[in-house]
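Hi everyone, thanks for having me. Let's take a few minutes to walk through one structure together, and please keep it in view while I talk.

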Amino acid sequence: MRADAVRGHLDGLLLAVLEPGPLHGYAIIAAVQRRSGGVLELRTGTIYPALNRLERLGLLSSSWQSAGERRRRCYEITDAGQRTLASERTAWSEFTTAIGSVLNPATPPGLAT
């Protein structure tokens with residue numbers, strides 16, 4: 001899928017994969033890929049600036065966690081992030097309904113009265 005197809009929806013994607021619980025960066029990338037059936041492949045250069053921005057906005061919080069000898073920053077959705085995710089879902093539903101109505105009209109053109 002083209003990278004520009006995700007543009008404008010990245011925040012919602014990141015918030016959605018963090019809804020079940022905290023994840024580190026590579027796990028977020030893997031979750032998006034898995035949940036999209038392999039269609040969406042986000043790059044680290046795309047998600048880390050977005051995660052930092054969402055944290056600055058108060059939609060995510062982060063903490064350092066140890067995994068063996070490695071330390072990783074894990075991100076978690078906040079209450080404000082939950083509210084934003086709900087808004088993103090509503091906006092996405094409205095958007096897909098509108099686009100679907102244009103691309104796949106219920107009544108074929110020329111048959112409407």
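Predicted model: local features only at pLDDT ≥ 70, side-chain atom pairs only at ≥ 80, totals over all residues.

Start with Asp11 and Arg53. They form a salt bridge whose closest N and O atoms are 2.6 Å apart. Asp11 sits in helix α2 and Arg53 in helix α4, so this pair links distant parts of the chain, 42 residues apart. Are these two buried, or partly exposed? Asp11 has 21% relative accessibility, so it counts as partly exposed. Arg53, at 30%, counts as partly exposed too.

Now for the other pair, Arg89 and Glu19. Here the closest N and O atoms are 2.8 Å apart. Arg89 lies in helix α5, while Glu19 is in the loop between α2 and β1, so the pair ties together parts that are 70 residues apart in sequence. Arg89 is partly exposed, with a relative accessible area of 40%, and Glu19 is partly exposed at 33%.

Let's go inside next. The largest nonpolar core has 22 residues. Which elements supply at least two residues each? They are α2, α3, α4 and β3. The largest share, 6 residues, comes from α2. Among the residues with the most contacts inside this core are Leu14, Leu42 and Ile47.

Let me zoom in on Ile47, which you'll find in helix α4, residues 44-56. Why does Ile47 count as buried? Because its relative accessibility is 0%, and buried means under 20%. Leaving aside neighbours within four places in sequence, Ile47 is in contact with Leu14, Gly25, Ile28, Ile29 and Leu42.

Leu42 has its own list of partners. Not counting residues up to four places away in sequence, Leu42 touches Val6, Leu10, Leu14, Ile29, Val32 and Ile47.

One last stop: Thr78, in the loop between β3 and α5. Is Thr78 buried or exposed? At 18% relative accessibility, Thr78 counts as buried, because the cut-off is under 20%. Beyond its neighbours within four places in sequence, Thr78 is in contact with Gly58, Leu59, Leu60 and Ser61.

Technical notes:
Residues numbered from 1 in each chain as written. Heavy atoms only, no water. Helix = DSSP H or I, 4+ residues; strand = E, 2+ residues; numbered from the N terminus. Buried < 20%, exposed > 50% of the residue type's maximum accessible area, 1.4 Å probe, protein only. Contact = heavy atoms within 4.5 Å. Core = buried A, V, L, I, M, F, W, Y, C linked by side-chain atoms within 4.5 Å. Salt bridge = Lys/Arg side-chain N within 4 Å of Asp/Glu carboxyl O.
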